[in-house]
Amino acid sequence: DEDFVERLFIASTHSFILFLTARGRCHWLKVYRIPEGERTARGRPVVNLIQLEEGDEIRAVVPVDEFVDDRYLFTATRQGIVKKTVLSAYGNVRRDGIIALKIRDDDNLIGAALVEPDQDVLLATRNGMAVRFGESDVRSMGRVSAGVKGLNLRDGDVVVDMVVIGEEAGTLLTICENGYGKRTPSGEYPRIRRGGKGVIDIKTTERNGPVVSSKLVADDNEIMIITQQGVMIRLPVGSISQIGRNTQGVRVINVGEADRVIDMTRVVVEDEDEELEGEETDAVGDQPAEAVTGPADSEDGSAETGENEDVDAQTGEDAGDEESSGE
């Protein structure tokens, strides 16, 4: 009753599904090894199908048709380390998985995705900064290497999300702990070299709290917001204001004093025929979704327009970036 569909993709029986974990290991399954079920079946827990290490958890799921040499798997960690590895390097996975990337003890994986030539990667941080750079800025590395610096984090800051931006225009939806958020056109995030400190994505004031998640969305998408006390709110993306980058945003969900938002994700829109059958297709919480579509409210109650200040944009140099390789 408290679960929802986060990803839906079409694959043949001989396709592969890559599962990347927080500790940097890679597992994969052929689709035909996943038990087939009816359309309305609950399915089986993934942990029953692959051998995860104790305390590890899945952070990314990537469908793959073939392990070819002209496509790359791009990964990012909480400390801002990024890596691009040719997809064919992951084609021979053992029963207990293989190393996808070397991760330090104080770091963990936050995202992974396939990248194509000329695509951009955007890293969003907990303190409201964002760095956008071309995938070509990261050279291809071996599977067991650690990677290179994707952005220059300020003290106390960490990366919370990785977004791949293609040719299609979209908006970056950012949600903060205290229930505030906003959408900003992806074109307002300038492309700079990797390793820079980036530009302001959202103001993480005392009202907003730190950033929880950032996703690239379209107007017809839906999202699910989850709080620490288990409240889940589902709402359409179009109900959230689209405003400038250097702003505080608007209230998206009412959060109690002892509660906070812990995650946000896109969800798959349920079929209308399921709703007609009387099934519970929407996982909603105890309160209605509240979305303010007007101008962003500033802390003093006035409307906040937000100018795109690029004072924090820096072109990071390669100095200090080291690639750690070897078994």
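Strand E13, residues 180-185, is largely enclosed by the rest of the structure, because 5 of its 6 residues are buried. The model described here is predicted.

Strand E12 (residues 171-176) runs antiparallel to E13, and 5 bridges join the two. Within this pairing, threonine 174 lies opposite lysine 182 of E13. The hairpin of E12 and E13 has 3 residues between the strands, and glycine 179 adopts a positive phi there, near 95°. E13 also pairs with strand E18 (residues 250-251), again in the antiparallel sense, through 2 bridges. Here tyrosine 180 has arginine 251 in E18 as its bridge partner.

## Nonpolar cores

The largest nonpolar core contains 19 residues, and Leu18, Leu20, Val64 and Leu73 have the most contacts inside it. At least two residues of this core come from each of strand E1 (16-21), strand E3 (58-64) and strand E7 (109-115). Another core, of 17 residues, lies apart from it and includes Val131, Val138, Leu151 and Met162.

Leaving aside residues up to four places away in sequence, leucine 73 touches Leu20, Val62, Lys83, Lys84, Thr85, Leu87, Tyr90, Ala112, Ala113 and Leu114.

## Cysteines and disulfides

Cysteine 26 has 0% relative accessibility and therefore counts as buried. Cysteine 176 is likewise buried, because its relative accessible area is 0%. A disulfide is a covalent bond between the sulfur atoms of two cysteines. With a cut-off of 2.5 Å between cysteine sulfur atoms, the model has 0 disulfides.

Notes:
Residues numbered from 1 in each chain as written. Predicted model: local features only at pLDDT ≥ 70, side-chain atom pairs only at ≥ 80, totals over all residues. Heavy atoms only, no water. Core = buried A, V, L, I, M, F, W, Y, C linked by side-chain atoms within 4.5 Å. Buried < 20%, exposed > 50% of the residue type's maximum accessible area, 1.4 Å probe, protein only. Helix = DSSP H or I, 4+ residues; strand = E, 2+ residues; numbered from the N terminus. Contact = heavy atoms within 4.5 Å. Pairing = 2+ DSSP bridges.
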